[in-house]
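Please find below a colleague's note on the two-chain model under discussion. It is set out as numbered points, to be read beside the structure.

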Amino acid sequence: MTAPDNVRVVFTTRSSRIGMALCVAGLVALAAAPVWGGRDDLALLSEMYAYVALASLWNLLAGYAGLVSVGQQAYVGLGAYVLFALAILAGISPLWAIPMAGIAAAAIAVPVAGLVFRLRGHYFAIGTWIVAEVFRLTASQISALGGGSGTSLPAAVIVALAPSRQLRDFVEYWIALALVIATLAFIVLLLRSRYGLALKAIRDSELAATCNGIDATRTKVLVYIATAFGTGMVGALIFLQKLRISPDAAFSVNDWTAFVIFITVIGGIGRIEGPIVGTVVFFLLRQTLADLGTLYLMMLGLVAILVMLAAPKGLWGLVVARFGFSVFPLERRVVFDEAPAAPESR
Amino acid sequence: MEWINVILQGVLVGGLYAMFAAGLSLIFGVMRLVNIAHGDLIVLAAYIALVTTQTLGIGPLTSLLIVVPVMALTGYALQWFVLNRTLGDDLLPPLLVTFGLSVIIQNGLLTIFTADSVKLQAGAIEVATVNLGSGVYVGLLPLLQFAVAVAVIGGLQFIFYRTALGRAFRATADDPAVAQLMGLDNRRVFALAMALSLAVVAIAGVFLAVRANFDPSQGPARLIFGFEAVIIGGLGSLWGTLAGGLILGVAQAIGAHLNPGWQILAGHIAFLVVLAVRPQGLFPKVRT
């Protein structure tokens, strides 16, 4: 089937052109952060990048593919443990270990998907959590990596990363930035591809999508595996910066799933901008209220509940509803050109 | 003889898991809601029992008279004011809201009671044993706990299939729109289902508190045990849920006997094996 000549599908809008220009300017400023920021700023920004990446990946999974997983900590922890294992037991540089952690996570995700995809909806959610628990309990049985109490990355591994401490901070910062940019770029490109169209179709009506020849399960499994790949790399990076790993920290459901879900929902689920907005809100709350300890976590839970009940599309959803503003050129618009071409005689 | 003992202990603990599972399965059956805070509510019930026994100076079993109504009222209010607003086609809102509740309950308990683990004292009954002959002894308390679990499952079965309330539950579960046309107020039916679920949670919480030490962080693990029991037993079957709890308990007991570090892992593996070999569960009622 060929489309008529006078019809085009476009992605960009005026707001997305302005948005992308601002994004590029912002990225240049962030890439230069080692020049204008101190050590604490770099650490804070790196942590924010990790959460943006994790939340964007969860958003892809839940917001676009409809796979609400509460077990993504499985791949954060797995990636982290692979990095530690490769660095400590095989002497591989952490720089190489990060992509290898992603590959390992994706490879494990294949059989895991075979199991958890037997469960649907809510049961899928808790099924993924149990898988993460299995990973955590298995990790605490590995005595070469410290068992239940965990282990630290040897100083030699860190020193090999870059000659000076300052340069190491820079390298780790840039890796974090590169990883979050790569994650966002991957998601944008995926959603603009025909897989993205398939995902949106499945999200809107799985039955209708299947009737139009989309293999819904296959598409979802592919997204699940791709998400595991990204999540594994982010996990490896997070624990490279922490320098210390333990099963409870690496496979923490609160740190790597509850907060990530809260961030995505507060920012706006099903939109690329959502996780970014949510991460900024999350860190603003944390920097101002962290002294309150457990009370802060209770407030975070409360804010997430209130946003879900009052504004289910999140803060960015409110912005879009009010101004129709979209930073990333994702929505397909059909444009009819001014002068329609004369009908062809075939 | 050693193995008979291990399996017997597993069966008795399994009754507790079946109680965790029954409340979970009840609300999922009626309103398709998976309550992520289920485990934290069990721990909350345990703490309420702790406060009740300490302030009133009564025994844990007597405290059920207070804990069960308190939890049932909590459930009714929770459903009426919060969870009813999350129900719909989208599965994320109930999941996220109960996740938020879970974080709030956990950290609230942590603020009030600290992370120190505590235990309910039940007095002489804790150490009383029954001789089953040929060297097998069973604690009176685990036996009582098991009997209560069977009674709870039987009671739920009775409510579901022999009473007007149960008929309302089943009708709403089958088709909420038609149930409403027949004069049922779905919001009230859901609130009653949550009240019943948390009444079961209260019983489970008190027995959990008597059986072992507990602390605010234990909720999620109880949720997972309950969930595993539901899936192993098969969706929609209460007696299947009891069987699922027993199988989980026995798997954990065998794992723990082989290596203390394997207890929980063995339960998870039993669950994954059932999922791989028989995803509909062992005794499914609904065929989908």
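1. Basis of the note. This is a predicted model, in which local features need pLDDT of at least 70, side-chain atom pairs count only at pLDDT 80 or more, and totals for chains, interfaces and linings use all residues. Residues are numbered from 1 along each chain as its sequence is written, while chains are lettered from A and ligands numbered from 1 in the order in which they are written.

2. Contact between the chains. Chain A gives 32 residues to the contact and chain B gives 30 residues; two residues are in contact if their C-beta atoms, placed from the backbone, lie within 7 Å. On the side of chain A that touches chain B, the elements giving two or more residues are helix H6 (121-139), H13 and H15 of chain A. Helices (H or I, at least four residues) and strands (E, at least two) are DSSP runs, numbered from the N terminus. By class, that side of chain A holds 24 nonpolar, six polar and two charged residues. Ala, Val, Leu, Ile, Met, Phe, Trp, Tyr, Cys and Pro count as nonpolar, Asp, Glu, Lys and Arg as charged, and the others, Gly among them, as polar.

3. Helix H15 of chain A. This helix (residues 294-310) has 17 residues, which at 1.5 Å a residue should span 24 Å; the end C-alpha atoms are 24 Å apart, in agreement. The expected span is 1.5 Å times one less than the number of residues. Buried residues in H15(A) include A:Leu297, A:Leu300, A:Ala304 and A:Met308. A residue is buried if 20 or more other C-beta atoms lie within 10 Å of its own, exposed if 12 or fewer, and partly exposed in between, with C-beta atoms placed from the backbone. The cover over the buried residues of H15(A) includes helix H13 (253-267), helix H14 (273-289) and helix H16 (314-323) of chain A, together with H4 of chain B.

4. Helix H14 of chain A. Its 17 residues should likewise span 24 Å at 1.5 Å a residue, and the end C-alpha atoms are 24 Å apart, which agrees. Among the buried residues of H14(A) are A:Glu273, A:Pro275, A:Ile276 and A:Phe282. The buried residues of H14(A) pack against helix H3 (39-64), H13 and H16 of chain A.

5. A helix pair in chain A. The axes of helix H8 (residues 165-192) and helix H11 (residues 216-242) of chain A come within 11 Å and cross at roughly 165°. This makes H8(A) roughly antiparallel to H11(A). Axes are lines fitted to C-alpha atoms, for helices over the stretch in contact, and angles run from 0 to 180 degrees between N-to-C directions; those over 145 degrees count as roughly antiparallel. The crossing of H8(A) and H11(A) is left-handed, meaning that the near helix is turned anticlockwise from the far one by less than a right angle, whereas clockwise gives right-handed. Residues of H8(A) including A:Ile175 and A:Leu179 meet residues of H11(A) including A:Met233 and A:Leu237. By class, this contact of H8(A) with H11(A) has seven nonpolar, three polar and one charged residues.

6. A helix pair in chain B. Helix H5 (residues 140-162) and helix H10 (residues 238-258) of chain B have axes that come within 9 Å and cross at roughly 160°. H5(B) is therefore roughly antiparallel to H10(B), and the crossing is right-handed. B:Val150, B:Ile153, B:Leu156 and B:Gln157 in H5(B) meet B:Leu238, B:Trp239, B:Thr241 and B:Leu242 in H10(B). By class, the contact has six nonpolar, two polar and no charged residues.

7. A buried residue of chain A. A:Ile98 lies in helix H5 (residues 94-116) of chain A and is buried, with 22 other C-beta atoms within 10 Å. Not counting residues up to four places away in sequence, A:Ile98 touches A:Leu83, A:Met233, A:Ala236 and A:Leu237.

8. Backbone points to check in chain B. Most residues other than glycine have a negative phi. Phi of B:Arg32, however, is near 55°; B:Arg32 is found in the loop between helix H1 (2-31) and helix H2 (38-56) of chain B and is partly exposed, with 16 other C-beta atoms within 10 Å. Phi of B:Thr114 is near 60°, also a positive value. B:Thr114 is found in the loop between helix H4 (92-113) and strand E1 (129-131) of chain B and is exposed, with 11 other C-beta atoms within 10 Å.

Note on methods:
Angles under 35 degrees count as roughly parallel, over 145 as roughly antiparallel, 65 to 115 as roughly perpendicular and the rest as oblique.
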